[in-house]
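Please look through the sequence and the 3D structure below, and then read the briefing that follows, which is grouped by topic.

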Amino acid sequence: MGYSPVPPGKIANAVTFLEMRVRPENATIVGAPLALVRLTAEDLQDYRRLFRLIGEDWMWVSRLEMDDDAVRAILSDPAVEMYALQDGERHIGLLELDFRVSGECELVFFGLAKDAIGKGVGRFLMNEAIAKAWTQPIDRFWLHTCNFDHPAAFAFYQRSGFRPYALMVEVHDDPRLTGLLPKTAAPHVPLLDMPRYGV
């Protein structure tokens with residue numbers, strides 16, 4: 001209990017797990033000049049560019065730590081659905097649904113390009129995610145978010161019908177110090193080259 005020091009070069013992240021046990025009645029798809037495009041193993045480089053475009057500000061690193069074969073295996077898994085949200089010719093969003101655990105769907109990645117945030121695009125993408133998840137025989141749809149995420153994310157997920165059920169703390173290498181992300185990434189997360197403890 002109380003304060004615990006974080007080792008040099010690491011970052012600590014408070015993670016909230018949320019779930020949805022019944023599809024919300026209001027999760028209907030509204031018309032919009034947007035389209036979801038399914039990504040496959042052949043789209044590996046496009047996927048990597050989109051992942052970095054969207055995730056750099058929010059400290060998304062898990063896919064950056066994987067080699068191409070590992071990411072390609074996920075993209076080609078029939079139990080994983082990966083989509084790019086397309087606005088005209090441009091990809092502005094990413095959605096990943098994982099059905100590999102029987103009876104469940106995990107919303108693994110959900111995000112928008114910086115200039116698409118705050119324009120109602122997130123609601124469109126979430127309604128698509130909910131509709132796609134609940135077309136499968138699942139008992140729950142779940143995700144986790146964290147204090148590195150957009151400040152409006154937690155409330156957005158709750159409005160979408162998700163309810164929190166667990167809290168965890170994650171400690172891992174700061175990817176801005178390992179070179180996975182530039183030092184300018186996620187400016188809302190303090191970058192400590194040489195952490196000091198005490199006051």
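In the largest nonpolar core, which has 30 residues, the members that touch the most others are Leu-107, Met-126, Phe-141 and Tyr-157; a nonpolar core is a set of buried Ala, Val, Leu, Ile, Met, Phe, Trp, Tyr and Cys residues joined through side-chain atoms within 4.5 Å, and buried means under 20% relative accessible area (1.4 Å probe, protein chains only). This is a predicted model, in which local features need pLDDT of at least 70 and side-chain atom pairs count only at pLDDT 80 or more, while totals for chains, interfaces and linings use all residues. Residues are numbered from 1 along each chain as its sequence is written, and side-chain values use heavy atoms, with hydrogens and water left out.

- Apart from it lies another core of 25 residues, including Ile-74, Phe-148, Leu-181 and Val-189.

- Glu-106 lies in strand β5 and counts as buried because its relative accessibility is 16%.
- The C-alpha atoms of Glu-106 and Trp-142 are separated by 5.0 Å, although these residues are 36 residues apart along the chain.
- Asp-174, in the loop between β7 (163–173) and α5 (175–178), is buried, with a relative accessible area of 2%.
- Leaving aside residues up to four places away in sequence, Asp-174 touches Gly-9, Lys-10, Ile-11, Pro-190 and Leu-191, contact meaning heavy atoms within 4.5 Å.

How values were computed
Buried means under 20% relative accessible area, exposed over 50%, partly exposed in between (1.4 Å probe, protein chains only). Helices (H or I, at least four residues) and strands (E, at least two) are DSSP runs, numbered from the N terminus.
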